[in-house]
Structures are given as structure tokens and as C-alpha cells.
Amino acid sequence: MELPLSLTILLLCSTIVIGSPPPASALAPCDFPAIFNFGDSNSDTGGLSAVYGQAPPPSGETFFGHPAGRYSDGRLVIDFIAASFGLPFLSAYLDAVGSNFTHGANFATAGSTIRPQNTTFWQYGYSPISLDVQFNEFYHFRRRSQVARDRGGVYRQLLPEEEVFSKALYTFDIGQNDLTAGYFLNMSTSQVRAYIPDLLRQFSDTVKEVYNEGGRYFWIHNTGPVGCLPYVMDRLPVMQSQIDRAGCSSPYNEVARDFNSGVGKVLEQLRKHLPLAAITYVDVYSLKYALISEPKKYGFTQPFRACCGHGGKYNYNKNHGCGSKAFKDGKEVLIGKSCEDPLAHVNWDGIHFTEAANKQIFDHIVGGSFSDNKNPLRMACHKA
Ligand SMILES: *[C@@H]1O[C@H](CO)[C@@H](O)[C@H](O)[C@H]1NC(C)=O
Ligand SMILES: *[C@@H]1O[C@H](CO)[C@@H](O)[C@H](O)[C@H]1NC(C)=O
Ligand SMILES: *[C@@H]1O[C@H](CO)[C@@H](O)[C@H](O)[C@H]1NC(C)=O
């Protein structure tokens, strides 16, 4: 007997549905009790401020109403991530006073690199808290927190339980400063490119080490289009022919994309070598580039000009940065907010994004459309 064609198709379809694993939507959303973050100023919630002095006003003013250890006018992507799980903002690991680590810790500091630099903070502004140091801090924290919890009392209300370490989300956002570090030492693009494998190796080693310490769920941001940021465009000018249609410096963005494709490959390898890990690679590069190249689509009128700064084509001057003091007519003045509406600006201070831009970035990555495995943030505990 010959089945009608439509019935045959129907039968084939149902076989496929029954035979395939349940769709991602059938899995339970993840309930991360904590977040441990590693990174640079893109996710620093007070680390550098705790050791080198508070990020000055007007940082923090849009959301916190005062400086809050963040290099932005308000919240960072990591703040929106924490809030989306109903967790309080992450305390900086280095912030010794008033911190609560029950729901995680933030090891990021502004100016951090993957590779330890051979320059000092005062020379070039790169933090000594490089990724290897951040891992050491995490390693120490994991053990010390349990010893302290055993003492009972307030320690039990300030430090995570042992089981939290295997249930937590581990987030990474680092690499941008490794790329600029070479350029600011006058290296050529080919010289910078030549050390990318070293960055990738050290990055990969750290993810493995976190896994060996019990970390299972990884949410990893790639690096942004650094060639679209005023501090790079102003300080490392390129030829007109190297400026792309959006107005960004192509060579720096090409290097960032090389680094990113390397990160993608490294994570593919790690998925094979770390059988219990769920790893999500998040392409924040594309999103940040979109905000800058199509600002209107995302509600911005100013893709480049810093909201807080002074002078130059981009309202950015290395020697008169946001929050610094300058002398005008013999009087000390603060380089404060010079834009009327931070909500209309993508860039806060020539280096960092505004809260409005960070919110856009979070809103677009949370659903998984920028994840290589299409994993939404809420599903980051599942292998996709
Ligand atoms: C710092 O110097 C050491 C020893 O020469 C070298 O191995 C390392 O790659 C250097 N780091 C950077 C970031 O250049
Ligand atoms: C620390 O935060 C947790 C929530 O994450 C809360 O339950 C606890 O009471 C806080 N500890 C203190 C001492 O406030
Ligand atoms: C890089 O080049 C500039 C301009 O020639 C120079 O002023 C600066 O000292 C150089 N920096 C280093 C680290 O060599």
C-alpha cells in the first residue's frame, strides 16, 4: 500500500522529533548561586579603586549618584548579568571593607592584561593584577573562605559555601589591554600579532585551572573593537586609507578579530578537553561594533565622542582625562561631564562605555543570539 505523500512527510517529521534530543527550551534554566568574574575595566566593580584610589567623579553619577569603583557613569555588563540572576552586584575581591562574597567575587581590575606586563602601573597604566594573579587570588579565596566559614558567625554570612564553587557561573572579559600594550610600546601590528598565540595559551591555561578548581560553567566575552575607541584613535593615529566606513581604525580592529578567532578556537579545544564544562563564547565585538557603526538603531546619537573629557576630535585627551584636575586661568578645575545626555553617548570617557551602552550590550547578549552555541545566559550551565 502506498501512503499519501503528506502522510509520509508527517511520519518522517514525527520520527525526527522523537529521535532528537530535547530542545534547549526543555532544559531547566540555570540557577547560579554565585558569579566569579575575571577581567579588566570592562567588568571592574571596584578592584583597581581599592588599591590605586577611587575612580574619580563624575564616574558612577548616572546610576549610583557617586563614584562606585566603575569606569563608567553607571552599571557595567557584569552588573546587569548579576542582577538578572537576582544576585547583588559583585564585590571586588580586593575591596577589604564592606564586601560580601556569598554570591561571588570579582577579580577584575581596570588595566588588567592576560600576560603580566613588564611595565609599571605608573608608566603605562596597566594593572599588575594580570589574569594569572587573578587566578591566584581565586585559588586563595576558595580555600581561605572555607577556613573562615568554619569559624562561624559573620563569616557564614559573608563567604560562599563549598558547593557554590561548582555551581557558580565563571565569567571572563579580558584581552583588550594586551593588544594596546604592544602598540603603546610602539610595536607594529605584525609584532602585536606575533604575541597573540602567547595570550591565547595563557588564557586557555587559566580556564583549565579554574576547571581544575571545580568551575564548570563559563561565559566568556571576546574582546571589543578597540580601533573604535577614542583613546586608541587619538593616541595611535592611522592613515586615512586605514579608517573604515564607520570611522574606526581598521588595523587595531583586525588584530582584535584575530585574537577573537583564536579565543574561539581555544574554547573549541577546551570543550573537548574539559568534559564537564559548559562553555559559551559571546561575541561582544560584533555588538559593540554595531552600537558604534549604527548608533541610531540602538538609540544613540554619538558613537565616538566621549561624554566626559576635554578637547580633541573625540572630547578625549590623554593628559586631561575624565575626572582629572586641570588648571584654567590659574584655578583648579575638574574635567567633568561635558555632554548633556549620557544616554545619547556610546562612549563615556574615551576608553569605556556608558551605562546606556552597557545596557544595550547586556540586552542583546542575554538571549543567546551573540553566543557561538546560541546559549542564552540563563542556559549557560548546559552544554549546547
Ligand atoms: C616580560 O619579560 C619576560 C622576560 O623577558 C618575557 O618572557 C615576557 O614575554 C615579557 N612580557 C611581555 C608582556 O612583554
Ligand atoms: C551577604 O549577602 C547575602 C545575599 O547574597 C545575604 O544573605 C547576607 O545576609 C549578606 N551578609 C551580610 C553580613 O549582610
Ligand atoms: C614611542 O614613540 C614615541 C614617538 O616617537 C616616543 O615619544 C615614545 O617615547 C616611544 N615609546 C617607547 C616606549 O619607546
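Mentor: The model is predicted, so local features need pLDDT of at least 70 and side-chain atom pairs pLDDT 80 or more, while totals for chains, interfaces and linings use all residues. Residues are numbered from 1 along each chain as written, chains are lettered from A and ligands numbered from 1 in the order written, and side-chain values use heavy atoms, without hydrogens and water.

Trainee: What makes the protein chain as compact as a globular protein of its length?

Mentor: Start with its elements. The protein chain has 14 helices and seven strands. Helices (H or I, at least four residues) and strands (E, at least two) are DSSP runs, numbered from the N terminus. The radius of gyration is 22 Å, close to the 21 Å that the globule rule gives for 384 residues, so the chain is as compact as a globular protein of that length. The radius is taken over C-alpha atoms, and the rule is 2.2 Å times the number of residues to the power 0.38. Along its principal axes, the C-alpha trace spans about 95 × 60 × 40 Å.

Trainee: How many of the contacts in the protein chain join residues at least 24 apart?

Mentor: The share is 71%, among contacts between residues at least 6 apart in sequence. Contact means heavy atoms within 4.5 Å.

Trainee: Why is Gln360 called buried?

Mentor: Buried means under 20% relative accessible area, exposed over 50%, and partly exposed in between (1.4 Å probe, protein chains only). Gln360 has 19% relative accessibility, so Gln360 counts as buried. Gln360 sits in helix H14. Beyond its neighbours within four places in sequence, Gln360 contacts Leu287, Leu291, Tyr298 and Phe300. Across the protein chain, 53% of the 384 residues count as buried.

Trainee: What makes helix H13 mostly covered?

Mentor: Seven of the ten residues in H13 (residues 284-293) are buried. They are Val284, Tyr285, Leu287, Lys288, Ala290, Leu291 and Ile292. The buried residues pack against strand S4 (217-221), helix H12 (250-273), strand S5 (278-282) and helix H14 (355-365).

Trainee: Which residues surround ligand 2?

Mentor: Asn100, Thr102, His103, Gln157 and Leu158 do. A residue is near a molecule or strand if one of its heavy atoms lies within 4 Å of it. This shell has one nonpolar, four polar and no charged residues. Ala, Val, Leu, Ile, Met, Phe, Trp, Tyr, Cys and Pro count as nonpolar, Asp, Glu, Lys and Arg as charged, and the others, Gly among them, as polar.

Trainee: What surrounds ligand 3?

Mentor: Tyr124, Leu185 and Asn186 do. The side chain of Asn186 has an N or O atom 2.3 Å from an oxygen atom of ligand 3.

Notes: A polar contact is a pair of N or O atoms within 3.5 Å; within protein, one must be able to donate a hydrogen and the other to accept it, and residues adjacent in sequence count only if both atoms are side-chain atoms.
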